[in-house]
Amino acid sequence: MTILIQNIGELVVVPRGPIGGRSMHTVNTITKAAIVVQDGRITWFGQACDLQYPDECHIIDARGGCVIPGLIDCHTHSVFAGTREGEFVKRLEGKSYAQIAEEGGGIRVSVEAMRSASCETLIELTLPRLRRMLQGGVTTVEIKSGYGLTVDDELKMLQAVSQLKALKPIELVGTYLAAHTTPREFVDQPEAYLDLILDDAVLSRVREEKLAEFCDVFCERTAFSIEQSRRVLETAKRYGLRPKLHADQITQIGASVLAGEVGAISADHLETIHDEGIAAMARAGSVAVLLPACSFFLGVDQAPARRMLEADLPVAIATDFNPGSSMIESLPLTLGIACTQMKMTPTEVLVAATANAAAAIDRQDSVGAIEVGMQADLLILDVPNHHRWMYELGRPSVRLVLKKGKIVVGEA
Ligand SMILES: [Zn+2]
């Protein structure tokens with residue numbers, strides 16, 4: 001099946017990731033463009049005047065709209081049960097996270113809800129979230145475990161992700177984040193908890209059932225130390241799970257330096273990153289995944305995005321969608337926040353949510369770029385260029401979504 005998209009106002013030719021921060025602000029664009037898609041892959045793109053019409057094809061009229069690669073949300077906690085709006089209000093009224101936790105709130109609420117939910121319930125709760133993400137132009141999503149905090153409940157979360165893969169046009173990638181926090185049963189013996197979640201039988205099962213491709217750890221003063229985090233990531237590596245970290249979010253304990261040392265594919269958050277961390281990540285080629293919706297939701301300082309861009313780190317942006325610190329599932333809105341709050345340009349945020357987000361989940365050779373041979377995950381926007389897309393901050397502007405060359409949102 002051949003598809004021709006014509007009458008494209010602006011085609012943003014995002015190259016394959018990872019793209020260093022200094023090169024993210026310039027990307028080629030083609031006006032009056034066309035794309036040909038065959039068997040789910042891009043086979044030609046260019047100026048419409050150079051197009052040789054395929055013999056038989058299905059024509060999609062972009063009506064002068066902008067065409068970009070499908071968006072990739074490379075850091076989410078989209079599988080969760082229960083909500084925490086009471087805590088949201090308390091925080092707005094001035095209560096600290098410690099006070100809220102003392103009153104029984106915080107992550108514990110999500111953990112209890114997760115433990116009492118069945119895998120079927122989790123799928124039911126997550127499906128509408130993923131459908132809305134797809135409507136917003138997100139064609140690939142990474143999802144972490146981390147609310148079960150028992151071996152069975154962590155595996156249940158990843159099994160939900162696996163089963164959701166089969167149900168949706170949206171592509172999913174699983175990450176094992178059992179080291180999200182120490183569960184209350186092990187509050188004084190975090191090492192004993194790590195023994196359980198790093199057990200050979202557990203990690204072998206994750207590998208054999210292909211439940212996750214990455215292992216993540218929350219490396220923070222209030223969660224896991226540098227040495228504990230190193231243990232988690234080095235152990236998981238032996239089972240083929242590539243390291244990721246929640247790093248430098250609240251305090252600076254050297255997590256981004258550890259990211260470099262263990263060769264992490266990405267270090268995420270980075271609100272308090274220092275020059276040493278930037279240098280370590282640059283040496284290792286780690287992607288810096290920034291989460292501006294989280295800081296925005298919490299009303300705290302943003303990560304120093306411009307410093308990382310100037311240091312030429314490949315920067316990606318994701319929602320961190322979760323019920324506690326970022327109940328924002330819209331990646332386009334998150335990109336708008338990155339523009340206005342982190343002073344990133346529309347071109348930089350587009351690269352951050354496509355080519356570099358793909359690199360953060362090892363998908364750079366199949367998605368996130370406009371290149372011959374790439375999977376045809378494409379968005380047609382109802383705006384003439386990508387600057388206008390970000391300028392109309394928060395307005396849904398996706399007219400059509402193609403996943404592997406098939407229309408999954410909108411009508412041709
Ligand atoms: Zn997170």
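Which residues are buried in α4? This predicted model gives the answer in the first view below.

**View 1. The buried residues of helix α4.** Leu122, Thr126, Leu130, Met133 and Leu134 are buried in α4. Among the covering elements are the strands β6 (71-73) and β7 (138-144). Helix α5 (151-167) also takes part, as do β15 (398-403) and β16 (406-409).

View 2. Helix α4 covers residues 119-135, which makes 17 residues. At 1.5 Å a residue, the helix should span 24 Å. Look for a kink of about 25° at Thr126. Just after α4 comes Gly137, with a positive phi of about 100°.

**View 3. Helix α4 packs against helix α5.** The axes of these two helices are 9 Å apart, and the packing angle is about 50°. The helices are therefore oblique to each other. Their crossing is right-handed. From α4, the contact uses Cys119, Leu122, Ile123, Thr126, Leu127 and Leu130. From α5, it uses Lys156, Met157, Gln159, Ala160, Gln163, Leu164 and Leu167.

**View 4. A glycine in helix α10.** Gly277 sits in α10, residues 275-284. Is Gly277 buried or exposed? Gly277 counts as buried, because it has 26 C-beta neighbours inside 10 Å. Leaving aside residues up to four places away in sequence, Gly277 touches Asp248, Ser256 and Val257. Arg115 is 162 residues from Gly277 in sequence, and their C-alpha atoms are 36 Å apart.

View 5. Helix α13 takes in residues 331-342. Its buried residues include Leu331, Pro332, Thr334 and Leu335. Gly336, Ile337, Ala338 and Met342 are buried too. Lys343 follows α13 and has a positive phi, near 60°.

View 6. Most residues other than glycine have a negative phi, and most peptide bonds are trans. Gly17 and Pro18 are joined by a cis peptide bond, with omega about -5°. Pro18 lies between β1 (2-13) and β2 (28-38), in a loop. Arg63 is not a glycine, yet its phi is positive, about 50°. Its loop runs between β4 (58-61) and β5 (66-69). Asp362 has a positive phi near 55°. Asp362 belongs to the loop between α15 (355-360) and β14 (378-381). Arg63 counts as partly exposed because it has 14 C-beta neighbours inside 10 Å. With 14 such neighbours inside 10 Å, Asp362 counts as partly exposed.

Methods:
Residues are numbered from 1 along each chain as its sequence is written. This is a predicted model: local features need pLDDT of at least 70, side-chain atom pairs count only at pLDDT 80 or more; totals for chains, interfaces and linings use all residues. Helices (H or I, at least four residues) and strands (E, at least two) are DSSP runs, numbered from the N terminus. The expected span of a helix is 1.5 Å times one less than its number of residues. The bend at a residue is the angle between axes fitted to the seven residues ending there and the seven starting there. A residue is buried if 20 or more other C-beta atoms lie within 10 Å of its own, exposed if 12 or fewer, and partly exposed in between; C-beta atoms are placed from the backbone. Two residues are in contact if their C-beta atoms, placed from the backbone, lie within 7 Å. Axes are lines fitted to C-alpha atoms, for helices over the stretch in contact, and angles run from 0 to 180 degrees between N-to-C directions. Angles under 35 degrees count as roughly parallel, over 145 as roughly antiparallel, 65 to 115 as roughly perpendicular and the rest as oblique. A crossing is left-handed if the near helix is turned anticlockwise from the far one by less than a right angle, and right-handed if clockwise.
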